[in-house]
Amino acid sequence: MGQEAHHHHALPTSAAAADAAGASPAAAASRLFTAGLVAAWYASNIGVLLLNKYLLSVYGFRYPVFLTACHMSACALLSSLAHAYAGAAPARRRSRGQLARVAVLGAVFCASVVAGNVSLRYLPVSFNQAVGATTPFFTAILAYAVAALREACATYAALIPVVAGVVIATGGEPSFHLFGFIMCVGATAGRALKTVLQGILLSSEEEKMNSMDLLRYMAPVAVILLVPATLIMEREAFGVVVTLAREDPNFIWILLCNSSMAYFVNLTNFLVTKHTSPLTLQVLGNAKGAVAVVVSILIFRNPVTFMGMLGYGITVAGVVLYGEAKKRSK
């Protein structure tokens, strides 16, 4: 935090000290606000991850599709409420073409979240995060496959450790589960595909939407897809919820808390993106994964190996390199 103090050698000490505290109360307040946002982003993100893991694995509520349906319903409800409450300008008429494109995004988004939650049922959070860190690899591949967007060679080279790290982590993961792993990779590829499609489908100026607007349109699409999916795949989930709620009154609170937190993950993600630079976001995102891994290991006590952690470290290093390479090639 002290880097501001170095530029003002000529000032008298007291003024320099005041200056070091932030140019003005406003600057200090804004810095505090950003720090608070990041803290809220970390807390909601890691909180949802750990609560999902707790419900799906430890608590024994084995219904990832139903859980995702709860999350999406909360997102749909809360984002409509927020929109109404913010008294935002009446929404522009969205063309049917655009709504169709958003529906496609909603479907991809929905599938990736479901796959991620399914994978949590079978894999420890630490390994889930290691695989999740490979998102840039899938983004680069899909950007090339879908949109023929090419990166510089150095950028692709940086992706080698990203993948190599996960390969090592996979070999070293004591709780490896193939189906869970496939789902986790699918979830990661789905997230990347959503990013790429978002860039293409909503690229023209009049169609640009911020991520909260997008969520407001995508969440209902996801709910429409997930309710029938739950009825088909996890029909007994509703009955189990009722039973669990009778046995353990806290269960409903856990579910509600988990679902509303899912909305706050998106909200804080949006606000952090808005108030920081893309690079800061990249760094914070990598650190967030690492924090999630440490916290989850402390809480769930899943066995970890040196190989697993080494692989995760290599992947994160690769992601950092990739960010650097991308910045240089611009």
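A residue is called exposed when its relative accessible area is over 50%, buried when it is under 20%, and partly exposed in between. With those words in hand, welcome to a tour of this predicted model.

View 1. Cys 153 has a relative accessible area of 70%, and anything over 50% is called exposed, so Cys 153 is exposed. Cys 110 has a relative accessible area of 5% and is buried. What is the distance from the sulfur of Cys 110 to the closest cysteine sulfur? The closest one belongs to Cys 75 and lies 11 Å away, which is too far for a bond. A disulfide needs two cysteine sulfur atoms within 2.5 Å, and by this rule the model has zero disulfides.

**View 2. The whole chain is built from helices.** Let us step back for a moment before the next close-up. The secondary structure comes to 14 helices and zero strands. From one end of the sequence to the other, the pattern reads α-α-α-α-α-α-α-α-α-α-α-α-α-α. With a radius of gyration of 22 Å, close to the 20 Å that the globule rule gives for 330 residues, the chain is as compact as a globular protein of that length. Its C-alpha atoms fill a box of roughly 75 × 55 × 45 Å along the principal axes. Of the 330 residues, 43% are buried. The chain exposes about 16,900 Å², and carbon and sulfur atoms supply 70% of that area. Take the contacts between residues at least 6 apart in sequence: 85% of them join residues at least 24 apart.

View 3. Which residues of α8 are buried? They are Leu 159, Val 162, Gly 165, Val 166, Ala 169 and Thr 170. Looking down the axis of α8, you would find these buried residues within an arc of 135°, so they line one face of the helix. Their packing partners are α5 (125-132), α6 (135-147), α7 (153-157), α9 (178-201) and α14 (306-329). On the face of α8 turned away from the buried side sit the exposed residues Ile 160, Val 167 and Gly 171.

**View 4. Gln 98 is a buried residue of helix α4.** Helix α4 spans residues 96-122, and Gln 98 lies in it. The relative accessible area of Gln 98 is 3%, so this residue is buried. What does Gln 98 touch, once residues up to four places away in sequence are set aside? Its contacts are Leu 202, Glu 207 and Met 209.

**View 5. Asn 266 is a partly exposed residue of helix α12.** You can find Asn 266 in α12, which runs over residues 250-275. Its relative accessibility is 22%, so Asn 266 counts as partly exposed. Apart from neighbours within four places in sequence, Asn 266 is in contact with Cys 75, Met 212 and Leu 215. Ile 254 is 12 residues from Asn 266 in sequence, and their C-alpha atoms are 19 Å apart in space.

View 6. Helix α3 takes in residues 64-85, 22 residues in total. Its span from first C-alpha to last is 31 Å, close to the 32 Å expected at 1.5 Å a residue. Just after α3 comes Gly 87, whose phi is positive, at about 55°.

**View 7. Two loop residues have a positive phi without being glycine.** Most residues other than glycine have a negative phi. Ala 148, in the loop between α6 and α7, has a positive phi of about 55° although it is not a glycine. Is Ala 148 buried or exposed? At 54% relative accessibility, Ala 148 counts as exposed. Arg 301 also has a positive phi of about 55° and is not a glycine. The loop that holds Arg 301 lies between α13 (278-300) and α14. Arg 301 is exposed, with a relative accessible area of 67%.

**View 8. Arg 246 is an exposed residue of helix α11.** The helix here is α11, residues 237-247, and Arg 246 belongs to it. With 69% relative accessibility, Arg 246 counts as exposed. Arg 246 and Tyr 63 are 183 residues apart in sequence, while their C-alpha atoms are 18 Å apart in space.

How values were computed. Residues numbered from 1 in each chain as written. Predicted model: local features only at pLDDT ≥ 70, side-chain atom pairs only at ≥ 80, totals over all residues. Heavy atoms only, no water. Buried < 20%, exposed > 50% of the residue type's maximum accessible area, 1.4 Å probe, protein only. Helix = DSSP H or I, 4+ residues; strand = E, 2+ residues; numbered from the N terminus. Arc of directions from axis to C-beta. Contact = heavy atoms within 4.5 Å. Rg over C-alpha atoms; globule rule 2.2 N^0.38 Å. Areas by Shrake-Rupley, 256 points an atom, 1.4 Å probe, with all protein chains shown as cover. Expected span 1.5 Å × (residues − 1).
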